[in-house]
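Open your viewer and keep the selection panel handy. We will go from stop to stop, with something to pick at each one.

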Amino acid sequence: MSGAPRVVLVTGASSGIGEAIARQASARGDHVVLLARGREALERVAADCERLGAASTLVVPTDVGDDAEVAAAVTAAVARHARLDIVVSCAGVVAYGRIPDVPVDVFDRVVTTNLLGPVNLARHVLPVLREQDSGSLVLIGSVIGHIGVPDMAAYVLSKWGVRGLFRQLRVDNRDRPGVRIGYVAPGGVDTPIYRQAATYGDSVGRPPFPVASPDRVARRVLEVADHPWRSGQSGISNDVIRLGFATVPWVYDRLVGPLFSVVAQDLVAPVVRGPGNVLTSRQELNALRGGQGSALLGIGANLLEVGRRQLRRRS
Ligand SMILES: NC(=O)c1ccc[n+]([C@@H]2O[C@H](COP(=O)([O-])OP(=O)(O)OC[C@H]3O[C@@H](n4cnc5c(N)ncnc54)[C@H](OP(=O)(O)O)[C@@H]3O)[C@@H](O)[C@H]2O)c1
């Protein structure tokens with residue numbers, strides 16, 4: 001790999017992991033092409049990227065679920081730079097609630113954004129990478145694409161699909177050895193995605209312990225872009241959870257409900273039901289970090305709340 005600036009296109013670049021990837025690529029002097037729905041948040045990130053040393057920035061407001069918008073964004077990036085070196089599919093949204101409780105438009109949009117978004121991206125980016133016979137497409141999945149968890153059916157299904165898409169793209173592009181397909185599945189990461197989520201259940205989400213920083217996941221993503229054989233889980237706890245899910249499913253299914261509510265939900269925060277940012281951008285809530293506080297203190301507060309609820313039930 002030469003030291004020349006590379007062209008790095010990131011979806012979901014205006015918050016969390018995508019923002020961290022854009023910032024790290026900028027700090028090493030790359031060109032960054034930033035996609036998300038909300039323009040103002042993208043421009044905030046672009047200004048930071050310029051300060052950090054980006055060779056150039058290009059902001060292209062795009063809904064990844066809209067194939068024509070993705071096509072136009074990829075065309076704009078190639079018109080500006082005449083090539084693409086690293087493309088990261090990072091845009092994602094979450095809905096909490098069981099299938100009967102989540103409105104159909106919200107459920108479908110989670111699947112559209114998280115699964116059909118990367119499909120749209122692959123449809124328009126791969127012809128460019130294949131023509132160059134070089135470049136990387138990295139998909140961001142989740143540990144939740146390998147397991148089942150309560151009240152997150154839309155997200156679970158979309159992320160299982162992303163894992164399938166990753167393997168499918170590898171198979172389909174074996175004839176172009178210069179084209180690299182990568183995959184990173186984070187566990188809990190401190191980003192705004194939890195407070196941005198649609199909520200139709202009885203509690204709000206929080207990143208499960210152990211919580212990684214978006215910067216840490218971004219480093220892994222950029223490493224995988226150059227070394228796709230390092231694709232896979234981000235965080236050793238993911239392997240423990242996946243092992244339990246695969247090898248002792250009857251124990252896993254029994255324990256995951258109570259454990260998930262204590263480790264991956266905030267039982268104390270007030271529940272505000274609604275579609276969150278699933279249907280439209282709430283870019284004013286986008287940020288590099290989620291500011292969720294200590295995961296261990298959160299677990300402690302949840303355990304106290306569980307105790308309080310049990311006492312209330314008994315009295
Ligand atoms: N945080 C975690 O604990 C965690 C764990 C595992 C996997 N992940 C995955 O990591 C990825 C990034 O998540 P994050 O935590 O960084 O989330 P985040 O901070 O909420 O950022 C999500 C980004 O996606 C954009 N976005 C949402 N819907 C979009 C759409 N339809 N079209 C284009 N852009 C869209 C958002 O901007 P606009 O709303 O303005 O479009 C924002 O820039 C997601 O795929 C998520 O599933 C996160």
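Select the ligand and Val64: a nitrogen atom of the ligand is 2.9 Å from a polar backbone atom of Val64, a polar contact (a pair of N or O atoms within 3.5 Å). This is a predicted model, in which local features need pLDDT of at least 70 and side-chain atom pairs pLDDT 80 or more, while totals for chains, interfaces and linings use all residues. Residues are numbered from 1 along each chain as its sequence is written, and side-chain values use heavy atoms, without hydrogens and water.

Then pick Tyr194, where the corresponding distance from a ligand oxygen to a side-chain N or O atom is 2.5 Å. Taken alone, the ligand exposes 890 Å² (Shrake-Rupley, 1.4 Å probe), and the protein buries 99% of that.

For the last stop, select Val10 in strand β1 (residues 7-11); strands are DSSP E runs of at least two residues. Is Val10 buried or exposed? Val10 counts as buried (under 20% relative accessible area) because its relative accessibility is 0%. Show its contacts (heavy atoms within 4.5 Å): beyond four places in sequence, Val10 touches residues including Gly18, Ile21, Val33 and Cys90. Finally, Val87 is 77 residues from Val10 in sequence, yet their C-alpha atoms are 5.9 Å apart.

Definitions and conventions. Helices (H or I, at least four residues) and strands (E, at least two) are DSSP runs, numbered from the N terminus. Buried means under 20% relative accessible area, exposed over 50%, partly exposed in between (1.4 Å probe, protein chains only). A polar contact is a pair of N or O atoms within 3.5 Å; within protein, one must be able to donate a hydrogen and the other to accept it, and residues adjacent in sequence count only if both atoms are side-chain atoms.
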